[in-house]
Amino acid sequence: MPSPHLTRDDAATRSTLLTVRAYDVHLDLTGAQVEGATTFGTVSEIHFDCVEPGAATFVDFLGASVEEVELNGRSLPVADVVDGQRVRLPDLAARNTVRVRATGLYSRSGEGLHRFVDPADGRVYLYTQNEPADCCRWIPVFEQPDLKARFTLHVDAPADWVVRGNGAETGAEPSVGGAVRHFATTEPLSTYLVAVLAGPYHAVEAQHTVTTADGPLPVPLAMFCRASLAEHLDADRIADVTRAGLDFYHERFGFPYPFGKYDQAFVPEYNLGAMENPGLVTFTEAFVFRTEATEAQVQARANVIMHEMAHMWFGDLVTMRWWDDLWLKESFADFMGSASLADTGLYPGAWVTFANRRKAWAYVQDALPTTHPIVADIVDLDAAKQNFDGITYAKGASVLKQLVAFVGRDVFDAAARAYFREHAWGNTTLADFLAALSEASGRDMGAWAAAWLQTSGISTLSVERTSTGARVHQDGWDPAIGAAMTRPHALAVGVYAEEDGAGGGPGALGPARRRLRRVASAPVELASASVDVDLPVAVDAPLILPNDGDLTYATVDLDPRSLTTALERIEDVDDEMARTICWSALWTMTRDARLPAERFVTTVARAGAAETDDGVRQMLFTQALTAVTRYAPPSTRAELLSVLLDALAALVRSTGSLTFARLFTAVAAHGGGQDDLLRSLVATDAAASSGTTASSGLLASLAANQDLRWAALVALAARDAVGHDVIEAELQRDPTATGRRHALTARSARPGTDAKREVWESVTGDRDLSNELVSAALRGFALIDATTAEPFVEPYFASLTAWWNERSIEMATRLVRGLFPPVQDAVPGQDPPEHPLVRRSARWLSEHEEAPAALRRIVIEEQDSLVRALRAQSAG
Ligand SMILES: [Zn+2]
């Protein structure tokens, strides 16, 4: 069922007309445990005022049916007032009460009230997910962020279940089907933030007391996961991060945590990393590590915990008026996620991870033709849904990092404190934050905001060596308006050389490698196209880095000498952040067809493993795999795949590292040799790896990791090296929700048109397949070569509109992205836009100009990525 099509204009009209005071909501979840249950009861009583008595409005509800509508004591005929997903309310009074009794549908797509049956024990779990506008799938509401109201929830559910809401439980009483729990009335909340968790969840409780200016503030903590995952929930470690975060945000924001308790629930089949429901944060249960986790995974989880906690202030306490200003919460939370990890000392290298991973996401998105300003133009909810992207999150966070470099951290914090004080429990726009920032900094920040928040595209920084130092240039192009742009950058230019200042050179390579250290770093204010920096030491240095320390948001073009240094001896650079900027520059050049993919791949194969940050290592090898599969010319692809695979195989054998083993299986799914190593990762007994070497011991311990076993099986299936029976046997060994998902990926990975057609029919035809299982199948399907994919090209373009119209936006998005035909081989001498697949995609776009903008956006982005790949293949 499609999402509600509320437009910005509808929302503005409604919020001019109404003030919503309170909701009283009754949910009947007593039938949830019945096998195959599809519906539940929901009653919403809304108290609201209207400035124009006699006017009409509507409540949003998207469910099975509406049974009863009563407005101001008068019953309205359901057949007359229910119109699709709107319940029309005519002839309003100044003060109104509407009561809607309805039947909701349990979700299988992760939107609304999701119902999940645990294959491990048959137990039923429920949770809600609303953003941007799915509260109306389980409560009849005025679905828009600026109609905040107090919510009081009553939930009737099986008596032995755990039930949580945004507010604390205030009481319970027995009911026919179990027990009714009553929850405390909340502070004013936007509808997208209302949440319920219900099921036989495993719970761990803890406590924290924050020291505030007004004295100690106790915050009860609780963590939840499915019962079958209980033994894997490392609640102590999660609570430690949570406590550090609460202390950190109190110190920086100067506004006490406003939502009482702090629950964190890890839930199944979750569509995103996490959601900042006030007092009841929900997370993907991928963060409950059932097998050994990599350092990068543990750090990523800590980052998400901090990100969601930042939202308690940026987003929940003060909320954007409409989705145009989504950045007012997401950019800030993304920035705070890394800032908190770095400043609390939990992960001192958090900004390196950010530079490497989050910024890479932003640079990719910001080069697409669909990019947009950080402050976006969001006309309706479909557009809102698409806007949770690399611009709103990662670019926004990068620009806030630049803002801190520009005005200073004290000014930034003072602005945030004033903003919370002034707008607590309200809604804001860019203007409100700018006012606080201008006040705190004592200068007009309008020009800064116009240059950074209201333009699109990436600035590129480069350095030209001069007789006295360096000249820093910026180039920028705003693809949204098709014009050049210049931004004010506060940055640093760093110079790296051997300690004695000598340049070194090829002779420095060898057993006694000489490290390259930062010998100078000059702060630069770059407000125009270029600026000269007096930096004599730079004249003859092996490496000069604009954006040293990664203060600003810009890609870097290395000068020829620095490029040679980066390619030949990046591992000699002492500073982790400096290496990250070099890697980023190499990757950008590869994607832009200015560096042959081969150079990137061989550099990663040689030096990637020397990186100290686990997340960075993972990212580099993943980028190298993309370089092989998309950007390398067909003639070199097989050889480069082997280079990468062999490098990883050697690392797995010598270190037993889980990170390298995971990367090895991901690369192996695309072919190459190393069959023996793959098989030893799924060995079921000691005999298969019974050697006496240290290496075989390391392999045996890896083969005990169930998730890694699945990854190796997927690779073997993609190579057609295992049959159904092996996959089924593994599923017997691991009959869990995760096992079921992996098994589906493995089955879907099998090559050949018949196998792929089976997957196609299942993901496009089986409406009972949940969000997570659809994605699991698509991951396997994606391991397909261009020839096998050929018969699916026409059905793909023929089905797009139907998918979009008939499925929820979440499910449709997965299909449209996941089934876009794979990258094909560039034809020598042919301009990429002339390639048959590009032409086919362009034809669909020209024949469907009226198609929903959100659907067109995905096709445009996929087509652009394809053209980029074809161009890069020609760069070799
Ligand atoms: Zn967020």
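Modeller: Two strands count as paired if DSSP finds at least two bridges between them. Helices (H or I, at least four residues) and strands (E, at least two) are DSSP runs, numbered from the N terminus. The model is a predicted one, so to speak of local features pLDDT must be at least 70, side-chain atom pairs count only at pLDDT 80 or more, and totals for chains, interfaces and linings use all residues. Residues are numbered from 1 along each chain as its sequence is written, and side-chain values use heavy atoms, with hydrogens and water left out.

Colleague: In what order do the five strands of the open sheet lie?

Modeller: Strands of a sheet pair through backbone hydrogen bonds, either parallel or antiparallel. Here the order is β16-β17-β18-β20-β19, and the pairing is mixed. At the edges are β16 (202-212) and β19 (274-275), each of which pairs on one side only. β16 runs antiparallel to β17 (residues 215-225), with eleven bridges between them. Within β17, Pro-216 is the residue opposite Thr-211.

Colleague: Which helix lies across β16, β17 and β18?

Modeller: For such angles, axes are lines fitted to C-alpha atoms, for helices over the stretch in contact, and angles run from 0 to 180 degrees between N-to-C directions. The helix is α3 (residues 235-253), which lies across β16, β17 and β18 (262-267) at about 25° to β16.

Colleague: Leu-233 sits in the loop between β17 and α3. Is Leu-233 buried or exposed?

Modeller: Buried means under 20% relative accessible area, exposed over 50%, and partly exposed in between, using a 1.4 Å probe and protein chains only. At 10% relative accessibility, Leu-233 is buried. Contact means heavy atoms within 4.5 Å. Setting aside neighbours within four places in sequence, the contacts of Leu-233 include His-202, Val-204, Met-223, Ile-238 and Phe-266. Ala-203 is 30 residues away from Leu-233 in sequence, with 9.6 Å between their C-alpha atoms.

Colleague: What is the strand order in the open sheet of eight strands?

Modeller: That sheet runs β5-β4-β8-β2-β1-β11-β14-β13, again as a mixed sheet. Its edge strands are β5 and β13 (169-174), and each pairs on one side only. Direction ignored, neighbouring strands are turned by 15° against each other on average. Elsewhere, six bridges join β4 (residues 65-71) to β8 (residues 95-105), an antiparallel pair, with Val-66 facing Ala-102.

Colleague: How many residues lie between β4 and β5 in their hairpin?

Modeller: There are two, and Asn-72 in that turn has a positive phi of about 50°. Three bridges hold the antiparallel pairing of β4 with β5 (residues 74-76), where Glu-70 has Ser-75 as its bridge partner.

Colleague: Which residues coordinate the zinc ion?

Modeller: Donors are N, O and S atoms within 2.8 Å of the metal (3.2 Å for Na, K and Ca); water is not among the atoms, so sites may look incomplete. In this model the zinc ion is coordinated by His-307 (NE2), His-311 (NE2) and Glu-330 (OE), at 2.0 to 2.1 Å. The donor spacing in sequence is H-x3-H-x18-E. Both histidines belong to helix α4 (residues 295-311), where they are four residues apart, about one turn of the helix. His-307 and His-311 are both buried.

Colleague: Why are α12 and α14 called oblique to each other?

Modeller: Angles under 35 degrees count as roughly parallel, over 145 as roughly antiparallel, 65 to 115 as roughly perpendicular and the rest as oblique. The axes of α12 (residues 560-569) and α14 (residues 597-607) cross at roughly 50° and come within 8 Å, so the pair is oblique. The contact involves Ala-566, Leu-567, Glu-568 and Arg-569 of α12 together with Arg-599, Thr-603 and Arg-606 of α14.

Colleague: And in helix α28, is Arg-840 buried or exposed?

Modeller: Arg-840, in α28 (residues 836-847), is buried at a relative accessible area of 12%. Beyond neighbours within four places in sequence, Arg-840 contacts Val-793, Glu-794 and Phe-797. Leu-845 also lies in α28 and is buried, at 10%.
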